[in-house]
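Please open the model in your viewer and keep the sequence panel beside it. The tour begins with the whole chain and then moves to single selections.

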Amino acid sequence: DTVTFGRYEQDNNPGNGPEPIDWIVLDKVDGKLLLLSSACLAGKSYNAESFEPVTWETCSLRAWLGGEFFDSAFSEREREAVASVVNRNDDHSTVGTPGGKDTEDRVFLLSESDAVIYLNNDYDQDTIGRAMASDYAVANGLQTDEDGLCSWWLRSPGMYEYIAQFVDQQGKPYPNGGSTDIDYLFGVRPALWVDLDTADEGAAAQ
């Protein structure tokens with residue numbers, strides 16, 4: 001299933017205002033929906049510092065998602081519906097690169113373990129893992145293949161402390177990872193949990 005929630009510039013025409021964000025519904029638990037943006041909304045480095053040990057807790061991409069993106073993409077009522085959750089940040093499953101402390105997030109990236117759950121077969125990789133880049137993201141440097149598909153970041157560590165995992169253009173998780181300072185090869189697909197009761201109350205009030 002897909003839903004629309006929030007607005008963000010996507011067609012690279014600021015004159016017509018930001019476009020509604022389409023989200024894939026990944027899960028429903030206790031009245032909350034786990035949403036993943038259908039498209040890569042931006043091309044960003046995982047961390048601004050080159051070859052510096054970093055975790056999800058300390059990376060610049062987390063700061064952007066929880067700050068500038070969250071504040072600009074959602075109205076006040078929508079922000080109230082986005083649940084604050086504690087995310088586990090496990091070490092790399094094979095080589096043990098530190099994942100860092102658990103974090104409290106409202107907007108985040110999927111993890112290595114999330115990829116195992118939601119991208120665990122060819123069908124899921126094709127229908128969920130493959131992601132188009134928005135025109136805005138491409139105009140700002142995000143690279144795509146000839147079909148307009150892009151790779152996108154996960155929040156989990158890669159083989160070294162300055163590498164983070166990603167999902168490639170074919171929707172397959174790549175646990176070895178890519179250098180965290182690269183901003184033109186990897187896109188950003190925000191994820192969040194929405195409280196249905198709060199979202200319904202906000203819709204009724206409008």
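With the whole protein displayed, consider its contacts (heavy atoms within 4.5 Å): of those with a separation of 6 or more, 60% are between residues 24 or more positions apart. This is a predicted model, in which local features need pLDDT of at least 70 and side-chain atom pairs count only at pLDDT 80 or more, while totals for chains, interfaces and linings use all residues. Residues are numbered from 1 along each chain as its sequence is written, and side-chain values use heavy atoms, with hydrogens and water left out.

Along the principal axes, the C-alpha atoms fill a box of roughly 50 × 35 × 35 Å.

Colouring by accessibility, one finds that 48% of the 206 residues are buried, where buried means under 20% relative accessible area, exposed over 50% and partly exposed in between, with a 1.4 Å probe and protein chains only. The protein exposes about 9,900 Å², of which carbon and sulfur atoms supply 45%, as computed by the Shrake-Rupley method with a 1.4 Å probe.

Now select Leu65, which sits in helix 1 (residues 60-73) and is buried, with a relative accessible area of 0%. Beyond its neighbours within four places in sequence, Leu65 is in contact with Trp56, Phe70, Val107, Phe108, Leu109, Val188 and Pro190.

Asp145 is the next selection, in the loop between helix 5 (135-139) and strand 8. For a distance to draw, take the C-alpha atoms of Asp145 and Gln165, which are 20 residues apart along the chain and separated by 19 Å.

On a 1 Å grid over the protein atoms alone, a cavity is a set of points where a 1.4 Å probe fits but cannot get out, whereas a pocket is an open set with protein on both sides within 12 Å along at least five of seven lines, and lining residues have an atom within 4 Å of a point.

There is one cavity of 30 Å³ or more, and about 50 Å³ of space lies in the largest cavity. Select its lining, which includes Tyr46, Trp56, Pro98, Arg155 and Thr180; strand 8 (149-157) and strand 9 (163-167) each supply at least two of the lining residues, and strand 8 gives the largest share, three residues.

Finally, go to the second largest pocket, which holds about 210 Å³ of space. Of the 14 residues that line this pocket, those closest to its centre are Asn87, Arg88, Ser111, Asp114 and Arg155. Strand 5 (85-87) and helix 3 (112-118) each supply at least two residues of the lining of the second largest pocket.

Notes:
Points joined across faces, edges and corners; volume = space filled by probe spheres on them. Helix = DSSP H or I, 4+ residues; strand = E, 2+ residues; numbered from the N terminus.
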